[in-house]
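Subject: Structure handed over, with notes

Hello,

Please find the structure below, followed by some notes that you can read with the coordinates open beside you.

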Amino acid sequence: MKRSFKTRGTIAATAAAALLLSSCGEAPEEDGEGAAAEEVDYKACLVSDEGGWDDRSFNQSAFEGLEMAIDELGVDSADAQSTAESEYGPNVDTMVQQNCDVVFGVGFLLEEGLREAAEANPETDFALIDSYFNFEEGEELENAKPLVFNTGEAAYLAGYVAAAMSETGVVGTWGGIQIPSVTVFMDGYADGVERYNEDNDGDVELVGWDKEGQTGSFSGDFSDQTQGREVTEQLLSQDADIIMPVAGNAGVGAGPALEAAEAKMIWVDSDGYESTDYGDIVLTSVLKEIGQSVYATIEEGTQDGFSNESYVGTLENEGVGLAPFHDFEDEVPSEVTEAIEQLRQEIIDGDTAIESENAPS
Amino acid sequence: MSASGSQQGMTPAPKPEQQSPWAEAEGRLSRALRELGQTSWVVTVLAVVVALVVGAVLILAANRDVQASLSYFFAQPTAFLETSFQVLREAYSALFRGAVFDWQAPSAARSIRPLTETMVYSVPLILAGLGIAIGFRSGMLNIGGQGQIILGATSAGFLGYALSLPTGLHVLLALAGGILGGAIWGGIAGVLKARTGANEVIVTIMLNNIAIYLLAWLLQQQWYKQTGSNQPLSSSVDESAQLFSLLGSGFRLHAGFLIAILATIGVWWLLERSTLGFEFRAIGENPEAARTAGINVPKATALVLVIAGGLAGLGGAAHVLGTEYRLAGGVAGTLGFDAITVALLGRSKPLGTFLAGLLLGGLRAGGVLMQAQTGTPIDIVLVLQAVIVLMIAAPPLVRAIFFLPHADGRPRIRRRSARRKTEASAATSSARQPELQTASTSKASSAEPPSAESPSTSTQEPGK
């Protein structure tokens, strides 16, 4: 009995000390809010899919876009993380009830919820990230804007670089779950490798994805890094020395495996040189500028310029792109960088088309 | 292993060392489960209160304004208290407005909509919770609600868009398909347990995983999803197969709620009034005695899980045909696991499960508004749920917090020291014979062999 009182006393003393230490600050002055002057009367709202805002992937990029708009445009905001699929509809509906001017939904799973809300609430604008709306024939809504990204274009360039830089003649890729927004990366990557072989009479092999048969290696989700490492090891054992994981957080699992095997990584979505701890093995990254597109949409909205025209991120409008080589700047031969530059131009001019059944359409 | 397990109980002298530590733990688990059913309603209510208090602390800790005001607590203590009060009032009033009645809504329909949303969320929780509750009452830990819901949703959804039938018939057929899907999934675990003594906890957990990947695979197959698109989403359920709306447009409340009410009454009748239910409860209380009384224990064991699976499958079907209308990989969310919470909270009684389903549905519905309006993380709702379960699972903890006497009427402190004494003497006298110790302290007849003494050791013991 005695002992428990003693423990209790210690805890109380510690808590009190902590309070004392942390609570001696000065109270703020009542007035003195300078920043409020430039605030605009606009409320931007964001609904996540099951990934949540810290998924190191598209939810997070979208949230960063919103935060940028809050900081720079002074817009009001609200956000809702969905923890289950049954919450998508109610979350969107609640956002409408919160008098949002624009409601973003992240991911194709929110398509139905957003479309129905857009039909019922013509006063509010809606933007869907990573998917088009499935309208009936001839139907069109003034207040529904899709933001999609043709990441295949940028992945094509990455595939070319990977093939050019591979020493073993084998490159690899794997995905989180087999959905179009993942496999479009893999299709582009496969085409890029193919292109390298054609142009240079090469024989670089791709493991982990078969574009023809649409089958390949998948880790099963976007969060399990152990599984990600497992899949990476499998591809490494097939001699691949440059691997592109397309799996959000699960892709981080490729890092330690590649580091141990002295292989290189191609990151996706954000610049992996900065966003992961494996910058020194990141050859390049396939960029998908979701945050930028969210910011741009909010900015248009604050200027009454919202339109239902779909935004398609391409190499041309820099909605997708290839990140710098960073540490590998000196190792990539100049003829490769030149070839990449030429390919980029070809794609922009439409001379080279990236064909993929998974591309946004 | 209830079949062979009960036969083993028949043999004159089963040796105690044959009992694996697993079986012992399982026995304890099911004893604890039965005790749960006997604790008072007061504890349930107090558990919710404790959860709200814990939630309040977390809401305050996560709030930036409160953090800021805490940093100058001694210069201006009122600021901290005022901010805290403000934040809590906003968060919990948003929770209430999102779940019950919204007095700030622009229209009357909007004001009462939250309550209907609570009902919508509660439909699959109640149905699956009833299934879990039947298992608990029969001494079985059915963790497979998730898989059974998925199978129910998968079959009901597919029948809903793949066939075209007249309105009434279509919805009935789809619901029946959902029940069948869940019942088969529960039945696999039931038959395995009845025939081979397989541990139902492990089997149902594994079946959950199989169900998740089965659905993921089906959603890659064009013959199944029938959309023509590459996205892992099925077509929408035909209008003729959708559960009709109870309140018209603007509300999502559907006939599934009526099904939930009917199912609650049905399960009450089954457990309290029918012979089958009596058999279920009997094998839960003491399978050995049930067997002696002429109950076919393996058959009843399998039936429990078939019916439990059918109810969970019906929950999945109502979820798809009433609210979701289409299948995606995460269609079941965490319903199957929340249903366990519901059954625990409802003390495995039909009415209790119904009310607990409404409470959890309310937390879900209210959490949406709380998050959107006050920026309180939705995770708080999960914490509330978790704390409620924790408290329910440990009634003495709740009693200690509120200085309540123990259920047997003795004051708390005396009981503790008394128990310590008995424990000490028990430890020295019979450390080597845990089974016999149980037998001598148990109120059941000591003439029976020790293994039959602890009621469900024989059913719960994993296959050897």
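Across the interface of chain A and chain B of this predicted model, the rule finds 10 residue pairs in polar contact, both residues of a pair being at pLDDT 80 or more. On the side of chain A that touches chain B, the elements that give two or more residues are α1 (2-22), β2 (76-80) and α3 (88-97) of chain A, and of these α3(A) gives the most, with 6 residues. Salt bridges are found there as well, 4 of them across the interface of chain A and chain B; one is formed by A:D93 with B:R110, where the closest N and O atoms are 2.9 Å apart. Taken as a whole, the contact involves 35 residues from chain A and 35 residues from chain B, and the two chains bury about 3100 Å² between them, with 51% of that area on carbon and sulfur atoms.

The next topic is a helix in chain A. Which residues of α11(A) are buried? They are A:V336, A:A339, A:I340, A:L343, A:E346 and A:I347, and, seen down the axis of α11(A), these buried residues fall within an arc of 125°, so they line one face of the helix. The buried residues of α11(A) pack against α5 (151-165), α6 (180-200) and β14 (320-322) of chain A, whereas the face turned away from the buried side carries the exposed residues A:E338 and A:Q342. After the helix α11(A) comes A:G350, whose phi is positive, near 85°.

B:V387 has its place in helix α17 (residues 379-393) of chain B, and with a relative accessible area of 10%, which is under the 20% cut-off, B:V387 counts as buried. If its neighbours within four places in sequence are left aside, B:V387 is in contact with B:V50, B:A51 and B:V54. Between B:V387 and B:V49 there are 338 residues in sequence, counted as places apart, while in space the two are 9.9 Å apart, C-alpha to C-alpha.

Best wishes

Definitions and conventions:
Residues numbered from 1 in each chain as written. Chains lettered and ligands numbered in written order. Predicted model: local features only at pLDDT ≥ 70, side-chain atom pairs only at ≥ 80, totals over all residues. Heavy atoms only, no water. Buried < 20%, exposed > 50% of the residue type's maximum accessible area, 1.4 Å probe, protein only. Helix = DSSP H or I, 4+ residues; strand = E, 2+ residues; numbered from the N terminus. Arc of directions from axis to C-beta. Contact = heavy atoms within 4.5 Å. Buried area = accessible area lost by both parts, 1.4 Å probe. Salt bridge = Lys/Arg side-chain N within 4 Å of Asp/Glu carboxyl O. Polar contact = N/O pair within 3.5 Å; in protein donor to acceptor, adjacent residues only side chain to side chain.
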